[in-house]
Amino acid sequence: MELDMAADELKSVLNRLKRAQGQIAGIVRMIEEGRDCEDVITQLAAVSRALDRAGFAIIATGLQQCMTDGDQPVVDRDRMRARLEKLFLSLA
């Protein structure tokens, strides 16, 4: 499955991923500095949510493309649906 996202959707996903990248760097620093465990866990939860949202946005785009592409044979659409469902569940 090829990722074909509109510019605004792509920008949103990339922003989420860049924000998560910055959060991960911050978490590494927190651990290296011996920061409070609760603070580290809070930041880990936040970055996890950001990554999940980016993944869900990518999957939602794939679902939308799959559902609107009427040119695909039914077998291919069913196979695509199964692949997207597996991806969705991997984030759940």
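The model is predicted, so local features need pLDDT of at least 70, side-chain atom pairs count only at pLDDT 80 or more, and totals for chains, interfaces and linings use all residues. Residues are numbered from 1 along each chain as its sequence is written, and side-chain values use heavy atoms, with hydrogens and water left out.

The protein chain contains three helices and zero strands. Helices (H or I, at least four residues) and strands (E, at least two) are DSSP runs, numbered from the N terminus. Read from the N terminus, the order of elements is α-α-α. Of the 92 residues in the chain, 21% count as buried. Here, buried means under 20% relative accessible area, exposed means over 50%, and partly exposed lies in between (1.4 Å probe, protein chains only). The chain exposes about 6,700 Å², and carbon and sulfur atoms supply 56% of that area. Accessible areas come from the Shrake-Rupley method with a 1.4 Å probe; for residues, only the protein chains shown count as cover. Contacts (heavy atoms within 4.5 Å) were also counted by separation in sequence. Among contacts in the chain with a separation of 6 or more, 65% join residues 24 or more positions apart.

Helix α1 covers residues 7-32 and has 26 residues. From first C-alpha to last, α1 reaches 37 Å, close to the 38 Å expected at 1.5 Å a residue. The expected span is 1.5 Å times one less than the number of residues in the helix. The buried residues of α1 are V13, A20, Q23, G26, I27 and M30. An α-helix has 3.6 residues a turn, so residues three or four places apart point the same way. Just after α1, G34 takes a positive phi of about 70°.

The largest nonpolar core has six residues: A20, I27, M30, V40, V47 and A50. Helices α1 and α2 (37-68) are the elements that give two or more residues to this core. A nonpolar core is a set of buried Ala, Val, Leu, Ile, Met, Phe, Trp, Tyr and Cys residues joined through side-chain atoms within 4.5 Å. In soluble globular proteins, nonpolar side chains tend to be buried together. Core residue A50 touches R16, A20 and Q23, leaving aside residues up to four places away in sequence.

The surface also carries nonpolar side chains. L10, L14, L17, I24, V28 and L51 form a nonpolar patch with about 440 Å² of accessible area together. Patches are made of residues with over 30% relative accessible area and no salt bridge; like charges are joined within 9 Å, and nonpolar side chains (Val, Leu, Ile, Met, Phe, Trp, Tyr) within 5 Å. Helix α1 gives the largest share of the nonpolar patch, five residues. V28 is found in α1. V28 counts as partly exposed because its relative accessible area is 41%.

The structure holds one salt bridge. A salt bridge is a side-chain nitrogen of Lys or Arg within 4 Å of a carboxyl oxygen of Asp or Glu. The side chains of R35 and D39 form it, at 4.0 Å from N to O. Side chains of opposite charge can pair when their charged atoms come close. R35 is partly exposed at 42% relative accessible area, and D39 is partly exposed at 33%.

R81 is partly exposed, at 44% relative accessibility. The C-alpha atoms of R81 and G62, 19 residues apart along the chain, are separated by 9.3 Å. L87 lies in α3 and is partly exposed, at 38%. Its C-alpha atom is separated by 9.1 Å from that of F56, 31 residues apart along the chain.
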